[in-house]
Amino acid sequence: MAMACAPSHLQYLRRLHRFGFLHLPNHPLSRRNFWHPPPHHPFTAPNHRTFQSAVPKGLRDKKCVPCNLKELRPMTEDAAHTLMPQVSEWNLVKEDGIFKLKRTWKVKTFTKGLEFLKIVGDLAESEGHHPDLHLGGWNNVTIEIWTHAVGGLTENDFILAAKIDKLNVNDLLRRKPSD
């Protein structure tokens with residue numbers, strides 16, 4: 001008597017096969033060695049964030065990983081420059097030997113600035129990754145993002161910057177003369 005697998009088991013087996021961890025002898029895609037993960041798999045990229053899916057996503061679709069992971073390391077300047085196009089409104093700055101992402105906004109009023117910081121703070125708390133927030137003067141909001149635990153930039157910083165860019169805060173910002 002043949003046993004049927006529950007749909008969840010079939011999906012699991014399909015994923016194992018798709019990512020190269022299950023060898024099916026007569027299947028045309030099963031030419032990989034079982035013990036070596038495919039080149040796109042995160043296990044093959046040391047010193048990069050883990051828990052990412054094998055399908056590339058935009059930064060906005062990713063979730064920050066805990067900053068206390070032992071394998072988390074600050075990225076190089078070249079690696080940071082490759083991610084900068086995805087957060088084009090941000091500036092890559094080096095202060096005291098530490099690379100950071102920095103961006104400034106002008107808000108309409110002081111209270112709008114506080115509201116802006118509250119919205120960003122809620123997002124940061126949900127991601128578990130906390131930027132340096134500044135309200136200078138009465139209407140200048142500056143955000144600096146870097147991973148304090150590693151003393152530099154990680155992919156988490158770019159993820160948070162991309163998610164901050166996605167926030168709907170236009171009603172809090174001053175209009176530019178060209179608008």
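This is a predicted model: local features need pLDDT of at least 70, side-chain atom pairs count only at pLDDT 80 or more; totals for chains, interfaces and linings use all residues.
Visitor: Okay. How many salt bridges does the structure hold?

Guide: It holds 7.

Visitor: How far apart are the closest N and O atoms of K102 and E95?

Guide: They are 3.4 Å apart, in a salt bridge. K102 has 24% relative accessibility and counts as partly exposed. E95 is also partly exposed, with a relative accessible area of 24%.

Visitor: Why would such side chains pair at all?

Guide: Side chains of opposite charge can do so when their charged atoms come close.

Visitor: Let's back up. What secondary structure does the protein chain have?

Guide: There are 4 helices and 4 strands. Along the sequence the pattern runs α-α-β-β-α-β-β-α.

Visitor: And how much of the chain is buried?

Guide: Of its 179 residues, 33% count as buried. The accessible surface comes to about 11700 Å², and 56% of that belongs to carbon and sulfur atoms.

Visitor: Now α4. Is it mostly covered or mostly open?

Guide: Mostly covered, as 10 of its 12 residues are buried. Those buried include F158, I159, L160 and I164.

Visitor: What covers them?

Guide: The cover includes helices α2 and α3 and strands β2 and β4.

Visitor: What span should α4 have, and what does the model show?

Guide: At 1.5 Å a residue, the 12 residues, 155-166, should span 16 Å. The end C-alpha atoms are 17 Å apart, which agrees.

Visitor: Which residues touch the most other members of the largest nonpolar core?

Guide: W90, F116, I143 and I164, out of 27 residues in that core. The elements giving two or more residues to this core are α2, β2, α3, β4 and α4. Helix α4 gives the most, with 5 residues.

Visitor: What is F116 in contact with, leaving aside its neighbours within four places in sequence?

Guide: Its contacts are W105, V107, V141, I143, V169, L172 and L173.

Visitor: What about K118?

Guide: K118 forms a salt bridge with D122, the closest N and O atoms being 2.8 Å apart. The two are 4 residues apart in helix α3, so about one helical turn separates them. D122 is partly exposed, with a relative accessible area of 40%.

Definitions and conventions: Residues are numbered from 1 along each chain as its sequence is written. Side-chain values use heavy atoms; hydrogens and water are left out. Buried means under 20% relative accessible area, exposed over 50%, partly exposed in between (1.4 Å probe, protein chains only). Accessible areas come from the Shrake-Rupley method with a 1.4 Å probe; for residues, only the protein chains shown count as cover. The expected span of a helix is 1.5 Å times one less than its number of residues. Contact means heavy atoms within 4.5 Å. A nonpolar core is a set of buried Ala, Val, Leu, Ile, Met, Phe, Trp, Tyr and Cys residues joined through side-chain atoms within 4.5 Å. A salt bridge is a side-chain nitrogen of Lys or Arg within 4 Å of a carboxyl oxygen of Asp or Glu.
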